Amino acid sequence: MIHKIIWKVTVIGIKNSGKSSLISAAAFKTSSPLSTRGFIRKKVNIEIDGEDYDIDLLFFEMPLENISDKMLSKSTFILLTTDITNMKSLIEAENFIKNNVDKEVFIIAMKSDLRYKSEFWSPELDKIKKKYSLVYYLYNPEEDFCPLLNDILKNSLGKIYNQNK
């Protein structure tokens with residue numbers, strides 16, 4: 001049996017934190033940010049525990065400064081981008097998480113290829129992970145995002161599936 005699912009994924013972060021690049025990598029497999037006005041659709045087929053899932057992901061980009069509870073309330077999960085070369089992006093991300101503990105949030109720390117210029121790295125992300133029980137990923141937009149996306153989907157499906165048992 002194939003389960004057909006439509007999920008809204010909101011991608012948020014401060015300006016220049018990599019939101020458009022992340023959506024381009026997820027939906028179009030390109031590191032060049034493309035215009036991401038409105039919803040960007042990505043079809044994903046994934047198999048978990050012998051079950052097949054056809055998932056339509058509807059990505060929506062929203063600057064952290066313009067966050068809307070109405071838009072977030074319809075999201076299955078949130079990809080929260082941070083720029084490792086900008087500590088302010090991590091501070092703003094933690095403020096968002098602190099005020100939205102009821103939402104499924106994944107931190108995507110962008111620009112991991114610039115570690116030598118980083119203002120934060122795994123130790124700071126590990127503290128937030130432990131404090132709020134969430135998952136983070138270090139991501140370089142020059143790499144394939146599909147493995148991370150599959151991990152995020154498996155994590156989300158596992159939580160949704162286990163809640164329904």
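Visitor: Starting with helix α4: what covers its buried residues?
Guide: The cover includes α3 (87–99), β5 (105–110) and β6 (135–139). Covering goes by contact, meaning heavy atoms within 4.5 Å. Buried means under 20% relative accessible area, exposed over 50% and partly exposed in between, with a 1.4 Å probe and protein chains only.

Visitor: And what kind of model is this?
Guide: This is a predicted model: local features need pLDDT of at least 70, side-chain atom pairs count only at pLDDT 80 or more, and totals for chains, interfaces and linings use all residues. Residues are numbered from 1 along each chain as its sequence is written, and side-chain values use heavy atoms, leaving out hydrogens and water.

Visitor: How do the helix and strand names come about?
Guide: They're DSSP runs numbered from the N terminus: helices are H or I with at least four residues, strands are E with at least two.

Visitor: OK, which residues of α4 are buried?
Guide: In α4 (residues 122–132), those are Ser122, Leu125, Ile128 and Tyr132. Looking down the axis of α4, they fall within an arc of 125 degrees, so they line one face of the helix. That arc is taken over the directions from the helix axis to the C-beta atoms.

Visitor: How do α3 and α4 sit relative to each other?
Guide: Their axes come within 12 Å and cross at roughly 5 degrees. Axes here are lines fitted to C-alpha atoms, for helices over the stretch in contact, and angles run from 0 to 180 degrees between N-to-C directions. The two helices are therefore roughly parallel; the cut-offs are under 35 degrees for roughly parallel, over 145 for roughly antiparallel, 65 to 115 for roughly perpendicular, and oblique for the rest.

Visitor: Which residues meet there?
Guide: From α3, Leu90, Glu94, Ile97 and Lys98; from α4, Glu124, Leu125, Ile128, Lys131 and Tyr132. That contact divides into five nonpolar, no polar and four charged residues. Nonpolar here is Ala, Val, Leu, Ile, Met, Phe, Trp, Tyr, Cys and Pro; charged is Asp, Glu, Lys and Arg; the others, Gly among them, are polar.

Visitor: Switching to the sheet: what's the strand order?
Guide: It's an open sheet of six strands, β2-β3-β1-β4-β5-β6, with mixed pairing. β2 (40–48) and β6 are at the edges with a single partner strand each, so one side of each has no neighbour in the sheet. On average, neighbouring strands are turned by 25 degrees against each other, direction ignored. Two strands pair if DSSP finds at least two bridges between them.

Visitor: How do β1 and β3 pair?
Guide: In the parallel sense, over 12 bridges, with β1 spanning residues 2–13 and β3 residues 51–63. His3 stands opposite Tyr53 in β3. β1 also pairs with β4 in the parallel sense, over four bridges, and Val11 is opposite Leu79 there.

Visitor: And β5, is it enclosed or open?
Guide: Six of its six residues are buried, so β5 is largely enclosed by the rest of the structure. One side has Val105, Ile107 and Ala109, the other Phe106, Ile108 and Met110. Side chains in a regular strand alternate between the two faces of the sheet.

Visitor: Which helix lies across six strands?
Guide: α1 (residues 19–28), running at about 155 degrees to β3. α4 packs on the sheet too, touching β5 and β6, at about 160 degrees to β6. Nine of the 10 residues of α1 are buried, including Leu22 and Ile23.

Visitor: Last one: what does Phe77 touch?
Guide: Trp7, Lys8, Val9, Thr10, Glu104, Phe106, Ile152, Leu153 and Ser156, not counting residues up to four places away in sequence. Phe77 lies in β4 and counts as buried at 1% relative accessibility. Its C-alpha is 7.8 Å from that of Ser156, 79 residues away along the chain.
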